[in-house]
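Here is a friendly walk through one model, with its charged pairs, its core and a helix packing in turn. Have the structure open as you read.

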Amino acid sequence: MASSSATTLALFLFVILTAVVHSKAAGIAIYWGQNGNEGTLAETCASGNYEYVNIAFLPVFGNGQTPQINLAGHCDPGSCTGLSSDIKSCQAKGIKVMLSIGGGAGSYALTSTQDARQVATYLWNNFLGGHSSSRPFGPAVLDGIDFDIEGGSSQHYNELASFLSGYSKKGKKVYLAAAPQCPFPDAWIGNALQTGLFDYVWIQFYNNAPCQYSPGSIDNLENAWKQWTSSIHATKIFLGLPAAPAAAGSGFIPVADLNSKVLPAIKNSAKYGGVMLWSKYYDDQTGYSKAIKNHV
């Protein structure tokens, strides 16, 4: 029988090893907020399928505009404070909850360095660790900001990222994520991604024929993946996919092909972080996340 000290040491090493393995575990990121029929945020996190949730979207900001959220049928922009308890319940499960700014149909642009600074200040005070009398989601403190920039202008997002990152010095880390298109470099946030400030980059490998999966061939996807992972300094890079054929114009990968062909080809990257899905509503229709979870 081992001595008590040896047993204690063995237990300690086991705990450390378990923690290291868990910290490197890949996960699934999901977008929630653009369909009132996708269930609540709390239910989304309680499913056990996701490690990251992007609340979508803040589609109005910058250029002197009053920022405004749009969560489709979930709540009116002025009365979403009920989400606070949902956000906290997600975070209690270890899930990171981010606010996604931009989106495919919004009115947003940064017109100057000062504009970027003002937007960063607004995000900090209204969604992150700052203080405001009109926090849209109430007192809950989000984990970070996701840049889903698909229009407007490509200017000053590197500065927005820098200003937001600066708030991490005030205590709780502000995580930064981005959802570029798979053609490299991204037309909208390519410059911002060169800052090296982003923790999570979930690349949209859909609606982009030159770099997405096509039936029977993963060459285009694999080549694009290699270019992204070798060119971008980010903590983790994710394969962004539609959760159902109807979720995008093209790029859906059948579960069997993803699990047996695509994931084995990209998981050997040290930067591999998992899979991002658009969106919770479509995932509900197909059960995609549940079907791939043990392979991610």
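Is K280 buried or exposed? K280 is buried, with a relative accessible area of 7%; here buried means under 20% relative accessible area, exposed over 50%, and partly exposed in between, using a 1.4 Å probe and protein chains only. Before going further, please note that this is a predicted model, in which local features need pLDDT of at least 70 and side-chain atom pairs count only at pLDDT 80 or more, while totals for chains, interfaces and linings use all residues. Residues are numbered from 1 along each chain as its sequence is written, and side-chain values use heavy atoms, with hydrogens and water left out.

## Salt bridges

The model has 5 salt bridges, a salt bridge being a side-chain nitrogen of Lys or Arg within 4 Å of a carboxyl oxygen of Asp or Glu. The table lists some of them.

| Pair | N to O distance |
|---|---|
| K280 and D284 | 2.9 Å |
| D199 and K173 | 3.3 Å |
| K226 and E222 | 3.8 Å |

The salt bridge between D199 and K173 has closest N and O atoms 3.3 Å apart. This pair links distant parts of the chain, 26 residues apart: D199 sits in the loop between α6 (190-193) and β8 (200-204), and K173 in the loop between α5 (157-166) and β7 (175-178). Helices (H or I, at least four residues) and strands (E, at least two) are DSSP runs, numbered from the N terminus. D199 is buried at 8% relative accessible area, whereas K173 is partly exposed at 36%.

K280 and D284 are 4 residues apart in helix α9 (residues 280-286), about one turn of the helix. D284 counts as partly exposed, with 38% relative accessibility. K226 and E222 are likewise 4 residues apart, in helix α7 (residues 219-231), and so are separated by about one helical turn. K226 is partly exposed, its relative accessible area being 47%.

## The nonpolar core

A nonpolar core is a set of buried Ala, Val, Leu, Ile, Met, Phe, Trp, Tyr and Cys residues joined through side-chain atoms within 4.5 Å. The largest one has 78 residues, and F137, F147, Y157, L160 and L239 touch the most other members. Helix α4 (residues 113-127) supplies the largest share of this core, 6 residues. Apart from it lies another core of 14 residues, including Y31, A177, Y200 and F238.

What does L239 touch beyond its neighbours within four places in sequence? Its contacts (heavy atoms within 4.5 Å) include I203, F205, L221, W225, L258 and V262.

F57 belongs to strand β2 (residues 52-58) and is buried at 8% relative accessibility. Leaving aside neighbours within four places in sequence, F57 is in contact with residues including Y31, Q34, I69, D148 and W278.

## How α4 meets α5

Two packed helices are described by the angle between their axes and the distance between the axes. The axes of α4 and α5 come within 9 Å and cross at roughly 40 degrees. The two helices are therefore oblique to each other. Residues making the contact include T113, A116 and R117 of α4 and E159, L160 and F163 of α5.

Notes. Axes are lines fitted to C-alpha atoms, for helices over the stretch in contact, and angles run from 0 to 180 degrees between N-to-C directions. Angles under 35 degrees count as roughly parallel, over 145 as roughly antiparallel, 65 to 115 as roughly perpendicular and the rest as oblique.
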